[in-house]
Amino acid sequence: MADELTYKHFTPYAVQAGEEYMDSGQLAHFRGILEALKHQLIEDIERTVHTMKDEATVFADPNDRASQETDIAIELRNRDRERKLIKKIEETLESINSGDYGFCAACGVEIGIKRLEARPTATMCIDCKTLEEVREKQMAK
């Protein structure tokens, strides 16, 4: 799924000399990536709903029925993840509109163009995110 997402096919942003971080061009670039990704996720969710309605079959064989139920459960889990990603995309678009996009929520430093192109919904710089993940691992033990 991740390899097929539209934002992966965007041309990387080329920073111009003397360009200010998160200027209107950069914000427009990331807004386009996020809106394309959101649009594609919504299409995938709608396609899944239609497919599930069309393929709804009652199998007499318990193994076939169990297999179908497993497939449906996996598909619904994937769509739930995508629904959560859509919510995160909407929050990220709000941060673009408010002027907070591209800056770490924890320490306030620039997240960086390359990191944002890899993960357009990132809210933390790589250092703060790494530290958060280390803490999460320590708490899980």
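This is a predicted model: local features need pLDDT of at least 70, side-chain atom pairs count only at pLDDT 80 or more; totals for chains, interfaces and linings use all residues.

His-29 lies in H1, which covers residues 24–54. It counts as buried because its relative accessibility is 12%, under the 20% cut-off. Leaving out residues up to four places away in sequence, His-29 touches Thr-11, Pro-12, Tyr-13 and Glu-117.

Ala-36 is also placed in helix H1. Its relative accessibility is 18%, and Ala-36 therefore counts as buried. From the C-alpha of Ala-36 to that of Met-52 the distance in space is 24 Å, for a separation of 16 residues in sequence.

In soluble globular proteins, nonpolar side chains tend to be buried together. The largest nonpolar core of this model has 21 residues, of which Met-22, Phe-30, Ile-96, Tyr-101 and Leu-116 touch the most other members. Two or more residues of this core come from each of H1, helix H2 (62–98) and helix H3 (113–118). H1 gives the most, with six residues.

Leu-116 illustrates these contacts. Apart from its neighbours within four places in sequence, Leu-116 is in contact with Tyr-21, Met-22, Phe-30, Tyr-101, Gly-102, Ile-111 and Ala-122.

## The annotated region and its cysteines

An unreviewed UniProt entry carries the annotation "zinc finger region: dksA C4-type" for residues 104–128.

How many disulfides does the structure hold? There are zero disulfides. The sulfur of Cys-104 has its closest cysteine sulfur in Cys-107, at 3.7 Å, which is too far for a bond. Cys-128 is likewise in no disulfide, and the nearest cysteine sulfur, that of Cys-125, is 3.6 Å away.

| Residue | Relative accessibility | Class |
|---|---|---|
| Cys-104 | 5% | buried |
| Cys-128 | 19% | buried |

## The chain as a whole

The chain has four helices and zero strands, and its elements run α-α-α-α from the N terminus on. The radius of gyration is 20 Å, well over the 14 Å that the globule rule gives for 141 residues, so the chain is more spread out than a compact globule. Along the principal axes, the C-alpha atoms fill a box of roughly 70 × 40 × 25 Å.

Of the 141 residues of the chain, 28% count as buried. Among contacts in the chain with a separation of 6 or more, 57% are between residues 24 or more positions apart.

Definitions and conventions. Residues are numbered from 1 along each chain as its sequence is written. Side-chain values use heavy atoms; hydrogens and water are left out. UniProt positions are given in the numbering used here, feature names are shortened, and annotations may be inferred rather than shown by experiment. Buried means under 20% relative accessible area, exposed over 50%, partly exposed in between (1.4 Å probe, protein chains only). Contact means heavy atoms within 4.5 Å. A nonpolar core is a set of buried Ala, Val, Leu, Ile, Met, Phe, Trp, Tyr and Cys residues joined through side-chain atoms within 4.5 Å. A disulfide is a pair of cysteine sulfur atoms within 2.5 Å. The radius of gyration is taken over C-alpha atoms; the globule rule is 2.2 Å times the number of residues to the power 0.38.
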